[in-house]
Amino acid sequence: MATLASEAQRPGMSTFERYLTLWVALCIVAGIGLGSLMPGLFATIAAAELARVNLVVAVLIWLMIVPMLLKIDLRAIGSVRQHWKGVGVTLFINWAVKPFSMAALGAFFIGWLFAPLLPAGEGPSYIAGLILLAAAPCTAMVFVWSNLCDGEPTYTLSQVALNDVLMVFLFAPLVALLLGVAAVTVPWDTLLISVGLYIVVPVIVAQVIRRGVLASGGQPALDRLLAKLGPVSLVALLATLVLLFGFQGEQILARPLVIALLAVPILIQVYLNAGLAYWLSRRFGVAWCVAAPAALIGASNFFELAVAAAISLFGLNSGAALATVVGVLVEVPVMLSVVSIVKRTRGWYERSAAA
């Protein structure tokens with residue numbers, strides 16, 4: 001457990017990480033601009049597919065995810081008992097509330113209220129993208145959010161490790177169930193390939209590398225490796241955003257109203273789930289240092305997997321892919337606002353809990 005305790009120490013935020021929202025915004029603008037200026041180049045990159053999975057995006061997502069997964073010791077699941085109330089709240093939000101509430105919000109806003117304003121026949125595809133976005137709890141950016149709000153690091157590690165394991169078994173059937181409700185045919189083989197590529201294989205690769213490094217050089221060697229790979233992960237994230245928004249640049253510029261309408265259920269979803277997780281944590285007497293990351297984990301999405309699954313299932317230029325990309329557009333600034341809210345309300349939370 002000494003190794004786990006060492007890993008649980010919260011890393012310092014670099015200047016680059018603190019201004020992540022700015023870099024994300026610049027990459028979004030750059031992606032849209034480059035996609036409009038060089039559509040041929042992005043079309044060539046988009047055509048590099050295997051089993052409907054874009055190879056360039058897959059490599060970038062691996063470069064983004066694996067360094068994050070190297071931080072996770074799956075033995076951290078054993079420490080769940082220390083924070084079982086917070087874990088229970090987050091599991092309830094992630095798996096029993098968020099996917100179903102997004103399906104309901106998508107059906108209400110996209111399938112009914114906004115339907116006259118959207119392109120005819122594309123509503124189900126947009127709803128499918130929203131469902132894919134909500135069905136995968138965040139596993140990478142959670143470390144950033146937890147660090148920003150001074151969250152309990154052992155809880156964060158435990159929750160992410162547990163979500164990774166659960167996602168392997170629950171993501172595909174949950175998405176299949178909800179997409180079936182949304183009247184979208186689910187190609188199980190493609191969906192399972194996506195789960196394997198973006199969850200199972202990266203987790204295995206990361207654990208193999210992690211154990212090898214720890215065996216040869218101990219925790220200092222792993223810390224050095226993580227320090228070297230940290231910038232690689234962030235650059236891969238930003239490069240992925242440039243590509244994704246380059247692929248969707250024409251649609252984004254051509255459909256600003258669609259983007260705005262799709263953002264509505266996503267925004268409501270984030271604040272609804274964060275608020276519910278935060279409120280339930282207070283009701284159950286969860287310490288604020290656990291409640292804060294619980295709210296953030298409960299509200300955030302594994303958008304890398306959602307985008308990849310949407311591209312694999314429905315294609316790069318589909319409404320589902322566009323909906324998940326809108327999730328990327330909304331995710332970082334909105335989650336930063338949630339971080340600000342939970343930090344500003346700490347005094348209220350702890351007074352209420354004490355009462």
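Visitor: Is the crossing of helix 6 and helix 12 right-handed or left-handed?
Guide: Right-handed. Keep in mind that this is a predicted model. As for the make-up of that contact, helix 6 and helix 12 bring together 18 nonpolar residues, four polar ones and one charged one.

Visitor: How are two packed helices described?
Guide: Now the case here. Helix 6 covers residues 84-113. Its axis comes within 10 Å of the axis of helix 12, and the two cross at roughly 150 degrees.

Visitor: What does that angle make helix 6 and helix 12 to each other?
Guide: Angles over 145 degrees count as roughly antiparallel. Helix 6 and helix 12 are therefore roughly antiparallel to each other.

Visitor: At what angle does helix 12 pack with helix 13?
Guide: About 155 degrees, with the axes 8 Å apart. Helix 12 runs over residues 256-283, and helix 13 over residues 288-299. That angle makes helix 12 roughly antiparallel to helix 13. The crossing is right-handed.

Visitor: Which residues make the contact of helix 12 with helix 13?
Guide: Take each side in turn. Helix 12 supplies Val270, Asn273, Ala274, Ala277, Tyr278 and Ser281. Helix 13 supplies Trp288, Ala291, Ala294, Ala295, Gly298 and Ala299. Sorted by class, that gives nine nonpolar residues, three polar and no charged.

Visitor: Let's turn to single residues. Is Leu118 buried or exposed?
Guide: The cut-off first: under 20% relative accessible area means buried. Leu118 has 8%, so it is buried. Its place is the loop between helix 6 and helix 7, the latter being residues 123-134.

Visitor: Which residues is Leu118 in contact with, beyond its neighbours within four places in sequence?
Guide: Ile110, Tyr126, Val258 and Leu261. Look at Leu261 in particular. Leu118 and Leu261 are 143 residues apart in sequence, yet their C-alpha atoms are 8.6 Å apart in space.

Visitor: Where is His83 found?
Guide: In the loop between helix 5 (55-69) and helix 6. His83 counts as buried because its relative accessibility is 16%. Leaving out residues up to four places away in sequence, His83 touches Glu152, Thr154, Tyr155 and Val290.

Visitor: Does Val29 count as buried or exposed?
Guide: Exposed means over 50%. Val29 has 57% relative accessibility, so it counts as exposed. Val29 sits in helix 3, residues 20-37.

Visitor: Now the whole chain. How many helices and strands does it have?
Guide: The chain has 16 helices and two strands. It has 355 residues, and 56% of them count as buried.

Visitor: What share of the accessible surface belongs to carbon and sulfur atoms?
Guide: 71%, out of an accessible surface of about 14,100 Å².

Note on methods
Residues numbered from 1 in each chain as written. Predicted model: local features only at pLDDT ≥ 70, side-chain atom pairs only at ≥ 80, totals over all residues. Heavy atoms only, no water. Axes fitted to C-alpha atoms, helices over the stretch in contact; angles between N-to-C directions. Helix = DSSP H or I, 4+ residues; strand = E, 2+ residues; numbered from the N terminus. Parallel < 35°, antiparallel > 145°, perpendicular 65-115°, else oblique. Left-handed = near helix turned anticlockwise from the far one by under 90°. Contact = heavy atoms within 4.5 Å. Nonpolar A, V, L, I, M, F, W, Y, C, P; charged D, E, K, R; others polar. Buried < 20%, exposed > 50% of the residue type's maximum accessible area, 1.4 Å probe, protein only. Areas by Shrake-Rupley, 256 points an atom, 1.4 Å probe, with all protein chains shown as cover.
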